[in-house]
Amino acid sequence: MSETDIQLNPASNESGSESLMPALKAIANPLRLRILIWLKNPRANFPMDRIIANPEEYGICVTQIQTKTGLAQPTVSNHMLVLERAGLVTSTRIRQWTHYRRNEANIAQLISELDNIIGTNDAPNNQTHIQ
């Protein structure tokens, strides 16, 4: 498990939700959630005439995310850092530019853990009980 993996520990004495907090806080911000949604389908959401690398393999350049959001580059970089620290995106440097793509494995793990914690009672893997 790398340092960007979501740290989930449902067997702990905690409710299991504590380990999800960084990811949940990251996506609680509407802009960061919107960026994650855009990155799900980069070819549809960003102009492909300006890419320097395969968006599925390396992601989207921070400058393209900046252009789409209309925010300053340092602001966008800070948002991306929060998403990266939460394990929801990964970054790759290509020359002087940083490219970001979704960490699909961690996003799937987050969704699964949320389903285990707050999903319906008849969910097949509902083993986490909050008391």
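The paragraphs below go through this predicted model from its overall layout to individual residues. Local features are taken where pLDDT is at least 70, side-chain atom pairs count only at pLDDT 80 or more, and totals for chains, interfaces and linings use all residues. Residues are numbered from 1 along each chain as its sequence is written, and side-chain values use heavy atoms, with hydrogens and water left out.

The protein has 7 helices and 3 strands. Helices here are DSSP runs of H or I with at least four residues, strands are runs of E with at least two, and both are numbered from the N terminus. Along the sequence the order is α-α-α-α-β-α-α-β-β-α. The protein has 131 residues, of which 39% are buried. Buried means under 20% relative accessible area, exposed means over 50%, and partly exposed lies in between, with a 1.4 Å probe and protein chains only. Contact means heavy atoms within 4.5 Å. Among contacts between residues at least 6 apart in sequence, 52% join residues at least 24 apart.

Helix 5 covers residues 62-69, and its buried residues are Val 62, Gln 64, Ile 65 and Thr 69. Viewed down the helix axis, these residues fall within an arc of 160°, so they line one face of helix 5. The arc is that of the directions from the helix axis to the C-beta atoms. Against what do the buried residues of helix 5 pack? Their partners are helix 2 (30-40), strand 1 (60-61), helix 6 (73-85) and strand 3 (97-102). Just after helix 5 comes Gly 70, with a positive phi of about 80°.

Helix 2 contains Trp 38. Trp 38 counts as buried because its relative accessibility is 13%. Leaving out residues up to four places away in sequence, Trp 38 touches Asn 45, Phe 46, Lys 68 and Thr 69. Of these, Thr 69 is also among the buried residues of helix 5. Trp 38 is 63 residues from Arg 101 in sequence, and their C-alpha atoms are 9.9 Å apart in space.

Trp 38 and Phe 46 form an aromatic pair. Rings of Phe, Tyr and Trp (its six-membered ring) pair if their centres lie within 6.5 Å; planes under 30 degrees apart count as stacked, over 60 as edge-to-face and the rest as tilted. By this rule the count is 1 aromatic pair. The pair of Trp 38 and Phe 46 is edge-to-face, at 6.2 Å centre to centre with 90° between the planes. Phe 46 is buried because its relative accessibility is 3%.

The charged end of Lys 68 sits over the ring of Trp 38, 4.9 Å from its centre. The charged end of Lys 68 also sits over the ring of Phe 46, at 5.8 Å from the centre. A charge sits over a ring if NZ of Lys or CZ of Arg is within 6 Å of the ring centre and within 35 degrees of the ring normal.

Leu 39 also lies in helix 2. With a relative accessible area of 6%, Leu 39 is buried. The C-alpha atoms of Leu 39 and Pro 55, 16 residues apart along the chain, are separated by 9.0 Å.

Strand 3 holds Thr 98, which counts as buried at 13% relative accessibility. Beyond residues up to four places away in sequence, Thr 98 touches Ile 60, Cys 61, Val 62, Ser 91, Thr 92 and Arg 93. Gly 59 is 39 residues from Thr 98 along the chain, with 8.9 Å between their C-alpha atoms. Arg 95 is in the loop between strand 2 (89-94) and strand 3. Its phi is near 55°, a positive value in a residue other than glycine. Arg 95 counts as exposed, at 60% relative accessibility.

The largest pocket holds about 150 Å³ of space. Helix 2 and helix 7 (104-118) are the elements that give two or more residues to its lining. Helix 7 gives the most, with 4 residues. Lining residues include Leu 33, Leu 36, Ile 37, Ile 107, Leu 110, Ile 111 and Leu 114. On a 1 Å grid over the protein atoms alone, a pocket is an open set of points where a 1.4 Å probe fits, with protein on both sides within 12 Å along at least five of seven lines; lining residues have an atom within 4 Å of a point. Grid points are joined across faces, edges and corners, and the volume is the space filled by probe spheres set on the points.
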